[in-house]
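This report works through the fold of one protein chain.

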Amino acid sequence: MKKIIYILPFVLILIISCRVGVVDFPDDSKTGTLFISSNPIGAEIFFESSKTGKVTPDSLINLQPGSYNLKLHLPGYSDKNINVNVQSGQKKYINISFNGY
């Protein structure tokens, strides 16, 4: 019983000190997210004509509301251009099939 009395304060201090390390996530209700996949996978994702460094499947997060142009490039297939509207708090799933697959 005495061991519990000695250990309890250390456990409480440990729990309270861990609160400092809690991560607060930003309010994403003002931004949108795009989840992009393709068939076959591995298509390079361009956002507003700029390379993202990402390939499908992947996501683009914290996008401001608005209309955007996406391009998917996969060697051996014609590029796919997509116009997409993003709304606040929206999570949109996009799946693109390349011709001939």
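## The three-stranded sheet

Three strands make an open sheet with mixed pairing, in the order S4-S1-S7. Strands here are DSSP runs of E with at least two residues, helices are runs of H or I with at least four residues, and both are numbered from the N terminus. Two strands pair if DSSP finds at least two bridges between them. The edges are strand S4 (58–63) and strand S7 (91–97), each pairing on one side only. On average, neighbouring strands of this sheet are turned by 20° against each other, direction ignored. The axes behind such angles are lines fitted to C-alpha atoms, for helices over the stretch in contact, and angles run from 0 to 180 degrees between N-to-C directions.

Strand S1 (residues 32–39) pairs with S4 in the antiparallel sense, over four bridges. Leu34 stands opposite Leu60 in S4. In general, the strands of a sheet pair through backbone hydrogen bonds, either parallel or antiparallel.

## Model and conventions

The model is predicted: local features need pLDDT of at least 70, side-chain atom pairs count only at pLDDT 80 or more, and totals for chains, interfaces and linings use all residues. Residues are numbered from 1 along each chain as its sequence is written, and side-chain values use heavy atoms, with hydrogens and water left out.

## The four-stranded sheet

An open sheet of four strands runs in the order S3-S2-S5-S6, with antiparallel pairing. Strand S3 (50–55) and strand S6 (80–86) stand at its edges; each has a single partner strand, so one side of each is left without a neighbour in the sheet. Neighbouring strands of this sheet are turned by 30° against each other on average, direction ignored.

Strand S5 (residues 66–73) pairs with S6 in the antiparallel sense over seven bridges. Gly66 has Val86 in S6 as its bridge partner.

## Whole-chain figures

The protein chain has one helix and seven strands. Along the sequence the pattern is α-β-β-β-β-β-β-β. Of the 101 residues, 25% are buried (under 20% relative accessible area; exposed is over 50%, partly exposed in between; 1.4 Å probe, protein chains only).

The chain exposes about 7,400 Å², and carbon and sulfur atoms supply 59% of that. Accessible areas come from the Shrake-Rupley method with a 1.4 Å probe; for residues, only the protein chains shown count as cover. Contacts mean heavy atoms within 4.5 Å. Among contacts with a separation of 6 or more, residues 24 or more positions apart account for 50%.

## Phe47

Phe47 lies in strand S2 (residues 44–47). Its relative accessibility is 18%, so Phe47 counts as buried. Leaving out residues up to four places away in sequence, Phe47 touches Thr52, Leu60, Leu63, Tyr68, Asn69 and Leu70. The C-alpha atoms of Phe47 and Leu60 are separated by 8.9 Å, with the two residues 13 apart along the chain.

## Ser38

Ser38 lies in strand S1. Ser38 counts as buried because its relative accessibility is 5%. The Ser38 side chain reaches the backbone oxygen of Pro40 at 2.6 Å. It also makes a polar contact with the side chain of Thr56 at 2.5 Å. A polar contact is a pair of N or O atoms within 3.5 Å; within protein, one must be able to donate a hydrogen and the other to accept it, and residues adjacent in sequence count only if both atoms are side-chain atoms.

Not counting residues up to four places away in sequence, Ser38 touches Ala43, Thr56, Leu72, Asn95, Ile96 and Phe98.
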